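Reader: I have a model open and want to learn how to read it. Where do we start?

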Amino acid sequence: MTETITIRRPDDWHLHLRDGAMLEAVLPYTARQFARAIVMPNLAPPVTTMADAAAYRDRILAALPEGMHFTPLMTAYLTDTTDAGDLARGHGEGVLTAAKLYPAGATTNSASGVTDIANIMGVLERMAEIGMVLCVHGEVTDGDIDIFDREAVFIDRVLAPVIERLPELKVVYEHITTRDAVQFVEGAGPNVAATITPQHLHINRNAIFAGGINPHAYCLPVAKREEHRLALRAFATGGSAKAFLGTDSAPHARHAKESACGCAGIFNAPYALESYIAVFEEEGALDRFEAFASENGPRFYGLPLNEDTVTLARSGTDVPERLDGEHELTPFHAGQRIGWSFAG
Ligand code: DOR
Ligand code: ZN
């Protein structure tokens, strides 16, 4: 039985780092395991321009503890009035790696997002021309659509028509949660890929209500039925080059999660690789973990693979109930034991 596994250092293709004191608190967890990350722009106010992204990148690098290495890959938050020229300059100058589509009102700090996809069609055309990746939060926001159906309805109403119209556009369908999304991505052309979070591989929607309401299992898109979790596991571990690691680690202070209106987001950065590799082991797919974690993402984005390595050991990790610090963050798997540990 393999006792350790050494792979190329992974990247996180979907991450919330926040700003200020929270940024300082959470960045070391990601920088410890990952070489690079696609950094989400949903700050308040959001990161909408090349200049915003450059300034945010500087704040991230300033918050990085000495001796740690980490490259933030910046994204711009699309709005109804995004300037395609600014995006293209940002991309050309290496400031912006991707742009993020939040349907207005879909999730945390998405109020300034896009109200109708028609409003950004010119921007998407320009992105397709220059090869800039579109990252998508793929849920419709209509109050009359059941929350568990919002991803599937988004595919029919928004994503499929956009991809049909702009087949050259590179699209990452982020944090997919349904079999519908798996089937859509598998059936789409080579310019469409998906990220998958650890929580959507581990939990189904029962976890949110097990023994009472559990805000630490609540994120958006919300976890779905078991059949969807199983489809995600098969896709992530099945060897498709279209599936890659994106944690969607989304820290909120404990009081903001454990409240009458608890924030969406699961903070999984501290034990992200341990969490993912446990899934690959359970699925008998340890030999496919490196491609998912370290190869498929950079290949899709057209970036070099990392040259250094990380090692995971089959020695087990006891995940604490809470991480100390002013924000009292609750990590994913709090109070549980994972069968793997990060050996550096
Ligand atoms: O659960 C989530 N939390 N989903 C998102 O899309 C945003 C994120 C956040 O920023 O907290
Ligand atoms: Zn996210």
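**Reading the model**

Author: Start with one residue: at 17% relative accessibility, Thr97 counts as buried. Buried means under 20% relative accessible area, exposed means over 50%, and partly exposed lies in between (1.4 Å probe, protein chains only). This is a predicted model: local features need pLDDT of at least 70, side-chain atom pairs count only at pLDDT 80 or more, and totals for chains, interfaces and linings use all residues. Residues are numbered from 1 along each chain as its sequence is written, chains are lettered from A and ligands numbered from 1 in the order in which they are written, and side-chain values use heavy atoms, with hydrogens and water left out.

Reader: Which residues is Thr97 in contact with, leaving aside neighbours within four places in sequence?

Author: Contact means heavy atoms within 4.5 Å. On that basis Thr97 touches Ile38, Leu73, Met74, His91, Met132, Val133 and Tyr301. Thr97 itself sits in strand S5. Strands (E, at least two residues) and helices (H or I, at least four) are DSSP runs, numbered from the N terminus.

Reader: In what order do the strands form the sheet?

Author: Strands of a sheet pair through backbone hydrogen bonds, either parallel or antiparallel. Two strands count as paired if DSSP finds at least two bridges between them. Here 8 strands form an open sheet, ordered S2-S3-S4-S5-S6-S7-S8-S9, with parallel pairing. S2 and S9 are the edge strands, each pairing on one side only. Neighbouring strands are turned by 30° against each other on average, direction ignored. Axes are lines fitted to C-alpha atoms, for helices over the stretch in contact, and angles run from 0 to 180 degrees between N-to-C directions.

Reader: What packs on the sheet?

Author: Helix H2 (residues 50-63) does, touching S3 (36-39), S4 (71-77) and S5. The direction of H2 makes about 150° with that of S4. Within the sheet, S5 (residues 96-101) and S6 (residues 133-136) pair in the parallel sense over 4 bridges. Ala99 stands opposite Leu134 in S6.

Reader: Which residues coordinate the zinc ion (ligand 2)?

Author: Donors are N, O and S atoms within 2.8 Å of the metal (3.2 Å for Na, K and Ca); water is not among the atoms, so sites may look incomplete. His14 (NE2), His16 (NE2) and Asp248 (OD) coordinate the zinc ion at 2.0 to 2.1 Å. His14 lies in strand S2 (residues 12-15) and Asp248 in the loop between S9 (243-245) and helix H10 (254-257), so the pair ties together parts 234 residues apart in sequence. Both His14 and Asp248 are buried.
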